[in-house]
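Subject: Structure handover

Hello,

Please find the structure below, together with its sequence. My notes on what was found in it follow.

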Amino acid sequence: MDQNSTRLSPPAEPRDFGFYVDGKSVPAGERDVFLRNSPGHGCPVTRIPKCTAADLDRAVDAARAAFEDRRWSGLNGQARAAVLLRAGALIRERADEIAYWETLENGKPISQARAEVGGCADMFEYASGLARSLHGDSFNNLGDGMFGLVTREPVGVVGLITPWNFPFLILCERVPYILASGCTIVAKPSEVTSATTLILAGILTEAGLPDGCMNVVTGSGATIGQALLDHPRVDMLSFTGSTAVGRRVVEASGRSNFKKLGLELGGKNPQIVFADADLEDAADGVAFGMAFNTGQCCVSGSRLIVERAVADDVTQMVRDKLARAVVGDPLDEATQIGAITTDAQNSTILGYIEKGKAEGARLVCGGEPVDLGQGQFIAPTVFADVTPEMAIAREEIFGPVLTVLPFDTVDEAITIANDTEYGLAASVWTKNIDKALTVTRRVQAGRFWVNTTLAGGPELPLGGFKQSGWGREAGIYGVEEYTQVKSVHIEIGKRSPWIA
Ligand code: TXE
């Protein structure tokens with residue numbers, strides 16, 4: 001690894017990772033491995049074990065034992081908070097290393113990866129406070145003979161399945177909150193981006209998390225992921241990924257043991273721009289919202305819904321901005337738009353671009369791969385003259401592709417914004433408070449931004465309306481999600497007899 005030189009380069013040899021059970025890294029041994037190629041460089045960077053069903057059972061047993069003997073949930077909030085705080089500090093210390101492997105496996109720009117890792121440390125620091133402040137309720141109004149308590153208890157063993165677009169960020173939007181609640185974890189990262197999840201498991205042990213509380217099994221979704229969904233000794237499943245697999249998660253819960261579920265699924269998120277907005281800010285926000293993380297972002301602002309009077313101007317401004325965005329080697333500090341993470345995703349995005357052209361949309365910019373001599377890159381692409389029924393306006397593309405849809409009235413803007421099966425996120429750009437509040441109230445989305453986009457932090461919850469998911473992660477809501485509520489009735493004094 002050439003991590004310390006001024007200019008980063010991929011490692012000369014791929015790094016071997018073990019999976020993680022009961023506080024220890026387990027080498028691949030005789031197991032098959034995934035050899036991961038860097039999407040930005042085309043060379044092999046990591047080797048990850050393909051775990052077996054027996055490995056998964058071992059991980060679930062470890063998490064189960066750690067939960068049942070209360071080695072974690074039985075600690076007081078102060079002790080749990082101390083571990084989470086130490087983990088945050090260790091993440092900050094190792095930020096360059098984590099960002100390096102994240103960039104190599106995912107293809108995102110190194111500067112972005114580093115910023116995300118800083119945000120992840122912040123998640124741990126914030127969640128440490130929640131480990132101490134999580135509490136229930138009491139009812140002192142039930143009469144002199146009765147006192148009522150509502151307690152929150154950790155759900156148990158949580159299966160955590162994460163995708164490849166933000167391998168470390170999405171993980172850290174969940175792990176510290178799950179641990180703050182007192183639950184234990186069996187994580188299954190995406191098979192193409194497992195490295196940083198495995199690094200986090202080691203960090204948590206070093207921070208003092210008891211063995212068995214954080215386990216990581218690696219392998220494909222169809223084998224290990226599905227086995228985790230079906231596992232009868234897992235109490236809750238948190239899944240982030242496609243809506244198609246989300247359906248399988250719900251089915252598996254019904255088939256196995258009615259696991260509690262948290263789901264964060266797809267999005268087709270509107271960016272509504274009114275003529276009275278600061279159009280320079282709006283154009284910058286729209287360009288950022290569609291091209292950040294190469295648009296491989298569940299909250300990507302992929303539909304520009306713009307007031308007709310300024311539609312052409314705003315479209316040109318977005319095009320001019322995107323023309324200046326730097327598409328390049330993900331390890332280069334100057335790069336703003338990196339590689340497309342998987343071959344399959346690359347084909348999907350290029351397929352949608354062809355579909356957009358065939359459907360009669362007007363290509364404003366992009367529309368083709370960028371040849372950098374290695375890796376896979378796609379130029380940020382804008383389609384105008386899009387109508388709401390076109391596939392590029394309806395389906396999640398998960399790439400740097402923006403569709404422009406004009407509107408004339410506030411009602412029409414809201415109708416177009418809501419004309420989707422999804423409801424993950426939305427942005428509105430206007431200087432008129434009435435329009436901003438009306439749109440915020442009536443557009444169905446779990447996350448909303450006014451005169452900004454893709455802003456976030458550990459305090460505010462995330463999750464979706466409609467087919468974008470169930471439940472919320474992060475914030476106080478994120479900890480409560482991993483608890484269940486118990487109501488306790490306490491009789492005071494002598495019972496009035498049922499049988500005299
Ligand atoms: O996701 P999958 P894919 C969307 C996006 C993208 C599409 C496909 O539109 O183009 O999904 O991406 C695990 N049982 N999003 O195919 O398959 C898998 O190993 C259990 C939106 O990569 O949903 C990985 O860990 N697990 C999204 C995780 O599910 C299974 C993020 C996500 O992979 C499984 C990613 C199974 N049967 C893609 N099959 C978002 N909302 O952020 C797969 N997995």
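A residue is called buried here when its relative accessible area is under 20%. With that cut-off, 4 of the 5 residues of strand β12 (residues 260–264) are buried, so β12 is largely enclosed by the rest of the structure. Please keep in mind throughout that this is a predicted model.

Strand β12 has a parallel partner in strand β11 (residues 236–240), and 5 bridges join the two. Within this pairing, F239 is placed opposite L263 of β12.

W470 itself belongs to strand β24 (residues 469–470).

Strand β13 (residues 270–273) is covered on both faces. P270 and I272 are buried on one side, and Q271 and V273 are buried on the other. The partner of β13 is strand β14 (residues 303–307), which pairs with β13 in the parallel sense through 4 bridges. Opposite I272 stands I305 of β14.

The sheet β6-β7-β25

An open sheet is built from 3 strands with antiparallel pairing, and their order is β6-β7-β25. The edge positions are taken by β6 (137–139) and β25 (483–491); each has a single partner strand, so one side of each has no neighbour in the sheet. On average, and ignoring direction, neighbouring strands in this sheet are turned by 20° against each other. Between β6 and strand β7 (residues 146–154) there are 3 bridges, in the antiparallel sense. In this pair, F139 faces G148 of β7 as its opposite residue.

Two helix pairs

Packed helices are described by two values, the angle between the axes and the distance between them.

Helix α2 (residues 77–93) and helix α7 (residues 195–206) have axes that come within 9 Å and cross at roughly 130°. How are α2 and α7 oriented to each other? They are oblique, and their crossing is right-handed. On the α2 side the contact involves A87, L90 and I91, and on the α7 side L200, I203, L204 and E206. By type, the residues of this contact are 6 nonpolar, no polar and 1 charged.

Helix α3 (residues 95–106) packs against helix α4 (residues 110–133) at an angle of about 130°, and the axes are 8 Å apart. This pair is therefore oblique, and the crossing of α3 and α4 is right-handed. From α3, the residues in the contact are A95, D96, I98, A99, Y100, E102 and T103, while α4 contributes I110, A113, R114 and V117. The residues of the contact of α3 with α4 divide into 7 nonpolar, 1 polar and 3 charged.

Regards

Conventions. Residues are numbered from 1 along each chain as its sequence is written. This is a predicted model: local features need pLDDT of at least 70, side-chain atom pairs count only at pLDDT 80 or more; totals for chains, interfaces and linings use all residues. Side-chain values use heavy atoms; hydrogens and water are left out. Axes are lines fitted to C-alpha atoms, for helices over the stretch in contact, and angles run from 0 to 180 degrees between N-to-C directions. Angles under 35 degrees count as roughly parallel, over 145 as roughly antiparallel, 65 to 115 as roughly perpendicular and the rest as oblique. A crossing is left-handed if the near helix is turned anticlockwise from the far one by less than a right angle, and right-handed if clockwise. Contact means heavy atoms within 4.5 Å. Ala, Val, Leu, Ile, Met, Phe, Trp, Tyr, Cys and Pro count as nonpolar, Asp, Glu, Lys and Arg as charged, and the others, Gly among them, as polar. Buried means under 20% relative accessible area, exposed over 50%, partly exposed in between (1.4 Å probe, protein chains only). Two strands pair if DSSP finds at least two bridges between them.
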